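Hi,

Here is the structure I said I would pass on. Have a look at it, and then read my notes below.

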Amino acid sequence: MKILRNLITSIVLMLTASVMLNAQDITVIGLEGEVYVMHMDGNKKQYAQLVYGPMKNAEMIVLKAGSMIKLVNEKKEVCTINQPGDYSISNLEFEITKDQSTFGKFYDYFHSFFSSHESTESKKNYKNTVYAISRGSMVSPSLDFPIEGVVPYGRLLSLPFIWTHDCESCTYELQIYDYSTRKTVFSVKTLDQKFDLENSDKYLKSGNKYYWTVQIEGQEVDTEKVIFTMSKKADFETTISTLKNDFSLASEQISEIGKSIYILSNLEQSGLLNYSILYGFHLKEKYPNNEDINNICDRQWYDYLLNK
């Protein structure tokens, strides 16, 4: 009996250790090529393509030829795999990075981003919600960007104004007002649901507060208003550059997309969500075919719109 009890105890301890290994907090911070994860659904193996962020309920990683993955655990240790094959989660080996301080700061912002933006369906959910509300009724467009808060003054590129509405043949009138005087500082009619304001500093002055609306030609309905303030300095490009310089020896452990997610998160947590969304627009133009970065930028933006 004693031998049997010891055997049972040993098995329980082994199973517990295995569960703890598989349950550890592992986050994907670098990803190239075709990489899949396998988890068990009852007695069946289920495979899914791996994406950036927390890796949940995975038991095995499958790398195809020419692929690479970089992982970090809750101790902020890194594991890099660049050879094709099947890798058990419980057998992964992690090591400390060269610049633990810089890497730790990166990890905190990176991990925080995915903790705040878990859903990969934010854009779809927002569009469906807006269309469901507006279908068959007279409602004003939903104003998507800029959102309430500080907007970068003197940005080198045009400032986009974006809205959503379930109408393919409407004529929209975008109007921007000075918040103090209630006077119109800019107005334009368009068939699109977006207008890029060139030379925005000609109309929108540093430190001033404004609000914008979009009306539908021929309809008299209450319009949504979004209040925003132009930053006191032309600091958009310098702010991004400063954040890019945060990486030193840890740079070799962090992919370019990983750094971009860090910047998105840092800007958001600093209260500069308009800056972050604008930087997301830049990333989507830079990586037009990268589904990961497109989805990541949309999560942040549409999560805000869903919850405003």
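First, a definition for the aromatic part: rings of Phe, Tyr and Trp (for Trp, the six-membered ring) pair if their centres lie within 6.5 Å, and a pair is called stacked with planes under 30 degrees apart, edge-to-face over 60 and tilted for the rest. Bear in mind that this is a predicted model, so local features need pLDDT of at least 70 and side-chain atom pairs count only at pLDDT 80 or more, while totals for chains, interfaces and linings use all residues. Residues are numbered from 1 along each chain as its sequence is written, and side-chain values use heavy atoms, with hydrogens and water left out.

Now the rings. Searching the whole structure turns up 21 aromatic pairs. One of them is F106 with F110, a tilted pair at 5.3 Å centre to centre with 45° between the planes. These two are about one helical turn apart because they sit 4 residues from each other in helix α2 (residues 100-116); helices here are DSSP runs of H or I with at least four residues, strands are runs of E with at least two, and both are numbered from the N terminus. F106 and F110 are both buried, meaning under 20% relative accessible area, where over 50% is exposed and in between is partly exposed (1.4 Å probe, protein chains only).

Another pair is F281 with W301, edge-to-face at 5.1 Å centre to centre and 75° between the planes. F281 is in helix α6 (residues 273-286) and W301 in helix α7 (residues 291-307), so this pair ties together parts 20 residues apart in sequence. F281 counts as buried at 15% relative accessibility, and W301 is buried too, at 6%.

There is also an aromatic cluster, made up of F103, F106, Y109, F110, F113, F114, F247 and Y262.

Which residue lies over the face of F236? That is R155, at 5.3 Å from the ring centre. R182 does likewise with Y179, at 4.7 Å from the ring centre. A charge sits over a ring if NZ of Lys or CZ of Arg is within 6 Å of the ring centre and within 35 degrees of the ring normal.

Last, the strands. An open sheet of 4 strands runs in the order β3-β2-β5-β8 with antiparallel pairing, where two strands pair if DSSP finds at least two bridges between them. Its edge strands, β3 (44-49) and β8 (85-88), each pair on one side only. β5 (residues 60-63) and β8 pair in the antiparallel sense over 4 bridges, and M60 has S88 in β8 as its bridge partner.

Cheers
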